[in-house]
Amino acid sequence: MHPGAHSGVELPAPTRAAALARIAAIDPDRYARTRNHLHGAVSGLSPYLTHGLVSLPEVLAGVRARHAIGDQHKFVFELGWRAYFRHVWSHRADGIFTSLHPGPLPDEAYACALPPDLAAGRTGVPAIDRAVHALLTTGTLHNHARMWLASYTVHLRKVHWRTGADWMVAHLLDGDLASNHLSWQWVAGTASHKPYLFNADNVARFAPADWHSPGSVLDAGYEAMERRARTRATFDGLDGHDGRDGHDPRCCDRNAERVEEPALYEAPPAWLAAVPPDPADVRGCDAWLVHPWALGDVPSDLPAGTRVLGVCVSEFHRAWPWSARRWSFVGARMAALAPVRWAGTVDAIATALATARSVQTLDDPHLSPWLRQWARVRAAPALFPEVDRRCDSFSKWWSIVRGPA
Ligand SMILES: Cc1cc2nc3c(=O)[nH]c(=O)nc-3n(C[C@H](O)[C@H](O)[C@H](O)COP(=O)(O)OP(=O)(O)OC[C@H]3O[C@@H](n4cnc5c(N)ncnc54)[C@H](O)[C@@H]3O)c2cc1C
């Protein structure tokens with residue numbers, strides 16, 4: 001099937017031109033005023049940043065070519081969050097996949113499966129159902145809606161943050177294990193000093209009318225929300241409305257349309273024509289590896305005749321399968337860059353690459369341990385200096401990389 005033809009939903013185009021057009025369209029002052037609103041002037045750059053079509057330095061340089069913004073501007077600050085999560089990942093490694101510290105309740109107080117009404121976008125709470133629909137039908141979701149969905153899932157439905165994070169990252173076009181899993185931990189209160197809580201007033205302020213959720217489980221004060229986050233009881237959706245804490249079941253949208261969770265795939269789609277790793281493709285040659293997190297332009301300083309090779313690593317995708325939409329985005333760009341694409345195990349890729357004269361690629365923590373075995377790895381362009389000492393808060397990290405806010 002042709003990339004982008006899966007759902008009838010228009011996907012962000014998987015091209016550098018589309019990313020550069022988004023950079024050119026950024027209005028940093030409007031961004032700062034409106035970014036928390038669902039229809040605010042956000043950049044939509046995250047799928048391009050996640051997959052390396054553009055880098056953070058390139059984004060900021062593009063904005064600064066048109067607007068004079070200082071180092072403490074809101075837009076730079078938000079770019080900082082992406083880099084900060086990478087900083088935490090580099091220090092904690094797989095530790096980011098378990099609670100960094102205790103949250104409001106012990107880990108075992110939370111369920112390991114999503115309730116079916118939540119997974120199908122039929123909780124009866126409009127803000128939550130709209131968010132689930134957007135996630136599952138487009139692979140994109142505004143930051144504020146991600147926070148609402150995560151907070152509702154963990155603090156009201158008492159689902160473990162890890163379950164929610166694994167579900168969300170599989171469907172996002174921009175799924176990044178550091179930004180996603182650490183944001184879920186931040187919302188859960190296992191990576192921050194308090195849980196992130198919200199209510200119907202907050203939704204009414206930042207979302208369009210069809211998201212408003214008066215009379216739902218969200219229609220409560222912050223003290224009630226805090227109490228609920230700290231009790232083991234669940235505050236459920238369509239099936240469980242019982243008027244606790246003043247919640248009026250009659251106001252809920254009980255007819256929300258069910259959304260099917262898209263299938264997840266461990267291997268690239270057939271149209272990408274990826275083949276098993278074959279030494280004949282690289283024997284005696286210089287090679288540049290294109291991988292799903294390094295989809296920028298091929299460097300111009302490679303030796304003449306360098307073979308450009310796409311690689312998809314089976315072990316990674318077995319652990320983290322993707323939606324067809326995500327594969328389309330990545331696969332279309334990979335096909336545009338690399339005439340030959342391999343899909344195979346770490347060992348098969350290593351064996352085939354061992355016959356090459358030289359192999360180079362760009363680093364990314366999703367694949368780092370393997371890339372370093374196979375290739376001379378170039379560091380991805382960084383906007384902020386590396387901080388050797390682990391910072392457990394964003395503000396600490398920020399004051400080192402940019403000075404006090
Ligand atoms: C529960 C949850 C899960 C998330 N999962 C991911 C994820 O898998 N991948 C991902 O890239 N972001 C994730 N984020 C962060 C944020 O929601 C997205 O980066 C943002 O919505 C992308 O939209 P945008 O490109 O229009 O961002 P803009 O607001 O235009 O910001 C520009 C860029 O800055 C970075 N950025 C902005 N805000 C944040 C933030 N809060 N945290 C980290 N980086 C940020 C992103 O790279 C973004 O593309 C998550 C947030 C939450 C609350």
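**Strand 3 and its partners**

I began at V313, which stands opposite G344 in strand 5. The model is predicted. I then looked up the pairing of strand 3 with strand 5 (residues 340-344): the sense is parallel, over five bridges.

I turned to strand 2 (residues 286-290). It pairs with strand 3 in the parallel sense as well, over four bridges. Here I found A287 opposite R307 of strand 3.

Next I asked how many residues of strand 3 are buried. Five of the seven in strand 3 (residues 307-313) are, so the strand is largely enclosed by the rest of the structure.

**Helix 4 against helix 5**

I checked the axes of helix 4 (residues 56-64) and helix 5 (residues 74-92). They come within 11 Å and cross at roughly 175°. Angles over 145 degrees count as roughly antiparallel, so I noted helix 4 as roughly antiparallel to helix 5.

I listed the contact residues. Helix 4 supplies L56, V59, L60 and V63. Helix 5 supplies F75, V76, L79, R82 and A83.

**Domains**

I looked up the division of the chain: domain 1 covers 100-251 and domain 2 covers 265-378. Their centres, taken over C-alpha atoms, are 36 Å apart.

Which residue counts make up the contact between the domains? I noted six residues from domain 1 and seven residues from domain 2. On the side of domain 1 that touches domain 2, I recorded three nonpolar residues, three polar and no charged.

Notes
Residues are numbered from 1 along each chain as its sequence is written. This is a predicted model: local features need pLDDT of at least 70, side-chain atom pairs count only at pLDDT 80 or more; totals for chains, interfaces and linings use all residues. Axes are lines fitted to C-alpha atoms, for helices over the stretch in contact, and angles run from 0 to 180 degrees between N-to-C directions. Helices (H or I, at least four residues) and strands (E, at least two) are DSSP runs, numbered from the N terminus. Angles under 35 degrees count as roughly parallel, over 145 as roughly antiparallel, 65 to 115 as roughly perpendicular and the rest as oblique. Two residues are in contact if their C-beta atoms, placed from the backbone, lie within 7 Å. Domain bounds come from an automatic or database domain assignment. Ala, Val, Leu, Ile, Met, Phe, Trp, Tyr, Cys and Pro count as nonpolar, Asp, Glu, Lys and Arg as charged, and the others, Gly among them, as polar. A residue is buried if 20 or more other C-beta atoms lie within 10 Å of its own, exposed if 12 or fewer, and partly exposed in between; C-beta atoms are placed from the backbone. Two strands pair if DSSP finds at least two bridges between them.
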